[in-house]
Amino acid sequence: MKEKNNDTAFFGQPKGLSTLFFTEMWERFSYYGMRAILLFYMYYAVSKGGLGMNQTTAASVMSIYGSLVYLSNIVGGWLSDRVWGPRKTVFIGGVLIMFGHIVLSLPMGLVALYASIALIVAGTGLLKPNVSDMVGGLYSETDRRRDAGFSMFVFGINLGSAISPILVPWAANGFGIHMFGNEMNFHAGFSLAAIGMFFGLMQYYFGGKKYLSNESLLPTDPIDHDSLIKILKKSVVAVIAVIVLLAIMAACGQLNIANVILLITIVAILLPIYLFVVMLRSKKVTKIEHSRVLAYIPLFIAAAVFWGIEESGSVVLALFAQERTVLHIGSWHFAAANFQTLNPLFIMILTPFFVWLWSKWKKQPSAAGKFSWGLIFAGLSYVVMAVPGLLYGTAGRVSPFWLVGSWFIVEIGEMLISPIGLSVTTKLAPAAYSSQMMSMWFLADAAGQAVNSQIVKYFSTGTEIQYFLIIGGVSILLGLLMFFLVKKIDSLMAGVH
């Protein structure tokens, strides 16, 4: 392998970046392609090719699915750091994801659905945090190409995410032979997602041998045998505890999907609280670090609220697209699932502008100020969705541009929260808990989607105005409240800007 600073084979970047770029592009293709049609697959009638699940239950499953994906990132990061090393961890994750899509492509009903969810959740948790970490490993500490390399990598993520909501629904729709809304071949769409992940694995396996460093084969903090045995014993105890709890629920006649989702929601909310308490009470955390952890708490809450709204694109807005939106512009017809491409598309459009803005704006707001504006934009994106119901009622269909406008607004919010949040998380992390602090960022998304799994039950055509106004209003009010706390949060950051 070439020296890090001398390898410029991929558009001036290390050749290894091409391997990771296409691996993550195909992984996101498979994941977001599957997500684009999964909700419809769950609640469409069996006669239309779906599972015939209750629409409310299907929406809750979608939300908790997203929550589990981010919860699993914590385990994936640990296994990479302590046991397998990033390259092996990513490959195993990709294999699990591919098999998850293959299972879903088979007409085996609910059994296949839940098996697929388990495989993709585990696989994504192994792959996603570690492939990003490997990008950083391509550069030396003094290599000025690092930021540009990460920008290219993120572009690959969004490219795969943007293409798949077009192609996968097209496959599920009989490759254009009949329109979305008649009987669907969802399994063809899930098969295309599996093929995408297969391409990613092939790119990763063969490209990795040539272009990725041998360092990526080794864990950065390998665990000793005795410690591993202790972890395994604790894991077995935890699994047994879950089985016992489920058995008790079954004996009481309470073992159903709604209660399982509620149980996961409770875990997703309590876990970050537990980690905050551990860090704040730890003797390894200095006084200044303690202050910075306190500063992170309101940012974490703001991020959870934001992600709860932003991630609703594949749930609430997907339902609105299918049930309430005119699915054509003139003679151009499209599928409700195609709207899922708006998220990555607007990110690609907005990113260059915000990169320019932050580099030129000398007196820009602090991280807390940007989070405040991010919450306001997120809330406004929901308020906008209440307007068509207020103007025209909720019985008919409305212009698709309401959804386009809402997605554009919330992605402005994402530009103010997502990259800023990643940066400030690393800066505020105590030295002894740097990895755990990054896990907290993923847990904010997990907590937001977990809460979503409960409140989405109240969304319907009849309640859409109240739903959008209440949740959007709460986000705006929290954003305004954070404006009053900016100075306090900045002081608690203790020198971090």
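Modeller: Start with Ala444. Its relative accessible area is 0%, so Ala444 is buried. The cut-off for that label is under 20%. Keep in mind that this is a predicted model.

Where does Ala444 sit? Ala444 belongs to helix H14, which spans residues 434–455. Next, its contacts. Leaving out residues up to four places away in sequence, Ala444 touches Phe300, Ala303, Ala304 and Trp307. One more pair gives a sense of scale. Ala444 and Lys370 are 74 residues apart in sequence, and their C-alpha atoms are 17 Å apart in space.

Now the packing of H14 against helix H13. H13 covers residues 401–428, and the axes of H13 and H14 come within 8 Å. They cross at roughly 155°. H13 and H14 are therefore roughly antiparallel to each other. The cut-off for that term is over 145 degrees. The H13 and H14 crossing is right-handed. Which residues make this contact? From H13 come Ile417, Ser418, Gly421, Leu422, Thr425, Thr426 and Leu428. H14 supplies Met437, Met438 and Trp441. Sorted by class, the contact of H13 with H14 holds six nonpolar and four polar residues, and no charged ones.

Ala295 lies in helix H9, residues 287–310. Its relative accessibility is 0%, so Ala295 also counts as buried. Ala295 brings together positions that are separated along the chain. Ala295 and Met493 are 198 residues apart along the chain, yet 5.8 Å separates their C-alpha atoms. Ala295 is in contact with Ile489, Leu492 and Met493, once neighbours within four places in sequence are set aside.

The largest nonpolar core has 109 residues. Those with the most contacts inside this core are Leu38, Tyr296, Leu299, Phe371, Met440, Phe468 and Met493. Helix H1, residues 15–43, gives the most to this core, with twelve residues. Take Leu38 as the example. Leu38 touches Met62, Tyr65, Leu104, Leu113 and Phe190, again without residues up to four places away in sequence. Another core lies apart from the largest one. This other core has 20 residues, among them Leu17, Val135, Leu138 and Tyr204.

For contrast, look at helix H7. H7 spans residues 225–251 and contains Ile231. Buried or partly exposed? The relative accessibility of Ile231 is 31%, so Ile231 counts as partly exposed. Ile231 contacts Trp78 and Ile223, leaving aside its neighbours within four places in sequence. Ile231 and Tyr31 are 200 residues apart in sequence, and 30 Å apart in space from C-alpha to C-alpha. With 29% relative accessibility, Leu246 counts as partly exposed. Leu246 and Val83 are 163 residues apart in sequence, with 30 Å between their C-alpha atoms.

Two further helix pairs extend the picture. First, H2 with H3. H2 covers residues 55–84 and H3 covers residues 86–104. Their axes come within 8 Å and cross at roughly 135°. H2 and H3 are therefore oblique to each other. H2 passes H3 in a right-handed crossing. On the H2 side, Gly76, Leu79, Ser80 and Trp84 make the contact. On the H3 side, the partners are Pro86, Lys88, Thr89 and Ile92. The class count for H2 with H3 is four nonpolar, three polar and one charged.

Then H10 with H12. H10 runs over residues 316–324 and H12 over residues 367–392. The axes come within 13 Å and cross at roughly 20°. H10 and H12 are therefore roughly parallel to each other. The crossing of H10 past H12 is left-handed. Val316, Leu317, Phe320 and Arg324 in H10 meet Tyr382, Met385, Pro388 and Gly389 in H12. By class, this contact has six nonpolar residues, one polar and one charged.

Back to the starting point. Ala444 is buried at 0% relative accessible area. Its helix, H14, is roughly antiparallel to H13.

Notes: Residues are numbered from 1 along each chain as its sequence is written. This is a predicted model: local features need pLDDT of at least 70, side-chain atom pairs count only at pLDDT 80 or more; totals for chains, interfaces and linings use all residues. Side-chain values use heavy atoms; hydrogens and water are left out. Axes are lines fitted to C-alpha atoms, for helices over the stretch in contact, and angles run from 0 to 180 degrees between N-to-C directions. Helices (H or I, at least four residues) and strands (E, at least two) are DSSP runs, numbered from the N terminus. Angles under 35 degrees count as roughly parallel, over 145 as roughly antiparallel, 65 to 115 as roughly perpendicular and the rest as oblique. A crossing is left-handed if the near helix is turned anticlockwise from the far one by less than a right angle, and right-handed if clockwise. Contact means heavy atoms within 4.5 Å. Ala, Val, Leu, Ile, Met, Phe, Trp, Tyr, Cys and Pro count as nonpolar, Asp, Glu, Lys and Arg as charged, and the others, Gly among them, as polar. A nonpolar core is a set of buried Ala, Val, Leu, Ile, Met, Phe, Trp, Tyr and Cys residues joined through side-chain atoms within 4.5 Å. Buried means under 20% relative accessible area, exposed over 50%, partly exposed in between (1.4 Å probe, protein chains only).
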